[in-house]
Amino acid sequence: MPEPLGAYPYRLKAGIKTPSADKMIFQVAGDTGGLKSPAFQRLIAEQMGKQVSNSDEKPSFLYHVGDIVYHFGESDQYEKQFFTPYRDYPLPIFAIPGNHDSDVNPLNTNPYTSLAPFSSVFCGTEPRPVPFGTDPARKSGMQPHVYWTLQTPVANIIGLATNVPKYGVVTEEQKQWFIEELKHAATEHQEKAILVALHHAPYSADFNHSSSLPMITFLESAFEEAGVYPDLVMSGHVHNYQRFSKSYEGGKITPYIVCGAGGFDELHWLAEADEKLYTSNSEIFDTVKLENFCTMQHGFLSLEITRIDEGHQIAGKYFAIPHEGLKEGEDATLYDEFVYTVIRKSSVSSESYSL
């Protein structure tokens, strides 16, 4: 990990403007980079920006769940893969790193350390010029570290850095930080929902990556040690959309959402039910249900967090772009819509959703 640019425990209050004191809307996308076909990178950015312009209740920011540039997180890839497609995006962009952002190209003639370019773009104690790219007016973000907590009016979003391996890895140092952040978020749970973001998807039914046992083990161990369970977990890594519901003891239901179809040219199918290389026959999946999915289409998520008398309501809309792209004047299609209600007073989460 690079050195942090902010003070421990790496929390940021970003002065986020919301539609009301009790409601916040934000967009989520992952795996937006790529080298082969920039068309969908541009379309995703344009469609998210269009929603900002046309919506009565505007989103406040974009939360990126990793893989901003491919394949090795190099500084000279940010212009083509990120700065250019998001040049006109009108909102702040916060991010956690993906495996490709974290990887280092050993053949690069200008040696660099893991996540140094990512830190230059997203991290800092104050906005400063990004040392690469063609726009001298571009300034860095103010995230305190590559793993960090975004403190918003209605939610604490704890973002993790899950490193390079295919199924992710988290150091003991970061795990202990995560446990403490969960405990701190719990002290504010009456006012703020608890969201967790990580790049490597804990649960996935796709054929390419599938579920990550290291991430499942890490998360469940941290939740148990902290005695705190989040209200939503979001991830990328897998290049499609999937929404799972996981049931915990006491009746709490937590959505686990994969949102990794943000622009990379290769998309991922789900594994067939009779595929011999994959199985769901494990007690790990006994309390996990796949509610909906969207494969072979690029897309992004809009999340709305609302404080209500009983707790919080988490509503989501997933928008997809057909594989053949969009015609002039056409918009992304609403593919999935859901609502989860977090009832804290009784320590029980109930769920309702519509497809």
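Predicted model: local features only at pLDDT ≥ 70, side-chain atom pairs only at ≥ 80, totals over all residues.
**Exercise 1. A buried aspartate**

Solution. 
- Step 1. Asp-336 lies in strand 14, residues 333–343.
- Step 2. Asn-292 is the bridge partner of Arg-243 and sits in strand 11.

**Exercise 2. The strands around strand 9**

Task: State how strand 9 pairs with strand 10 and with strand 11.

Solution. 
- Step 1. Strand 9 spans residues 241–247, and six of its seven residues are buried.
- Step 2. Take strand 10. It runs antiparallel to strand 9, and seven bridges join the two.
- Step 3. Check the connection. Strand 9 and strand 10 form a hairpin with five residues between them. In the turn, Gly-250 has a positive phi of about 95 degrees.
- Step 4. Take strand 11, residues 288–294. Its pairing with strand 9 is also antiparallel, over six bridges.

**Exercise 3. The buried side of helix 6**

Task: Which residues of helix 6 are buried, and what do they pack against?

Solution. 
- Step 1. Get the geometry. Helix 6 covers residues 213–226, which makes 14 residues. From first C-alpha to last it reaches 20 Å, close to the 20 Å expected at 1.5 Å a residue.
- Step 2. List the buried set: Met-215, Ile-216, Phe-218, Leu-219, Ala-222, Phe-223 and Ala-226.
- Step 3. Recall the helical repeat. An α-helix has 3.6 residues a turn, so residues three or four places apart point the same way.
- Step 4. Find what is opposite. The buried residues pack against helix 5 (172–187) and strand 10 (253–259).
- Step 5. Inspect the ends. At the start of helix 6, a side-chain oxygen of Ser-212 comes within 3.1 Å of the backbone nitrogen of Met-215. Just after the helix, Gly-227 has a positive phi of about 70 degrees.

**Exercise 4. The core**

Task: How many residues has the largest nonpolar core, and which element gives the largest share?

Solution. 
- Step 1. The largest nonpolar core has 95 residues.
- Step 2. Name those with the most contacts inside this core: Phe-26, Tyr-63, Tyr-78, Phe-122, Phe-178 and Met-234.
- Step 3. Helix 6 gives the largest share of this core, seven residues.
- Step 4. Leave aside neighbours within four places in sequence. Phe-178 is then in contact with Ile-158, Leu-160, Val-196, Phe-218, Leu-219, Ala-222 and Phe-223.
- Step 5. In soluble globular proteins, nonpolar side chains tend to be buried together.

**Exercise 5. A strand covered on both faces**

Task: Which residues of strand 5 lie on each of its faces, and which strands pair with it?

Solution. 
- Step 1. Recall the rule. In a regular strand the side chains alternate between the two faces of the sheet.
- Step 2. Sort strand 5, residues 148–151. Trp-148 and Leu-150 are on one side, Thr-149 and Gln-151 on the other. All are buried, and both faces are covered.
- Step 3. Strand 1 runs parallel to strand 5, with three bridges. Lys-13 has Gln-151 as its bridge partner.
- Step 4. Strand 6, residues 155–159, pairs antiparallel with strand 5 over four bridges. Leu-150 has Ile-157 as its bridge partner. Three residues separate the two strands in a hairpin.

**Exercise 6. Backbone checks**

Task: Where are the cis peptide bonds Tyr-8 to Pro-9 and Tyr-70 to His-71, and where are the positive-phi residues Asp-31 and Met-296?

Solution. 
- Step 1. Between Tyr-8 and Pro-9, omega is near 10 degrees. Pro-9 is in the segment before strand 1.
- Step 2. Between Tyr-70 and His-71, omega is about 0 degrees. His-71 is in the loop between strand 3 and helix 2.
- Step 3. Asp-31 has a phi of about 55 degrees. Asp-31 is in the loop between strand 2 and helix 1. Its relative accessibility is 0%, so Asp-31 counts as buried.
- Step 4. Met-296 has a phi near 60 degrees. Its loop runs between strand 11 and strand 12.

Definitions and conventions
Residues numbered from 1 in each chain as written. Heavy atoms only, no water. Expected span 1.5 Å × (residues − 1). Buried < 20%, exposed > 50% of the residue type's maximum accessible area, 1.4 Å probe, protein only. Contact = heavy atoms within 4.5 Å. Polar contact = N/O pair within 3.5 Å; in protein donor to acceptor, adjacent residues only side chain to side chain. Core = buried A, V, L, I, M, F, W, Y, C linked by side-chain atoms within 4.5 Å. Pairing = 2+ DSSP bridges.
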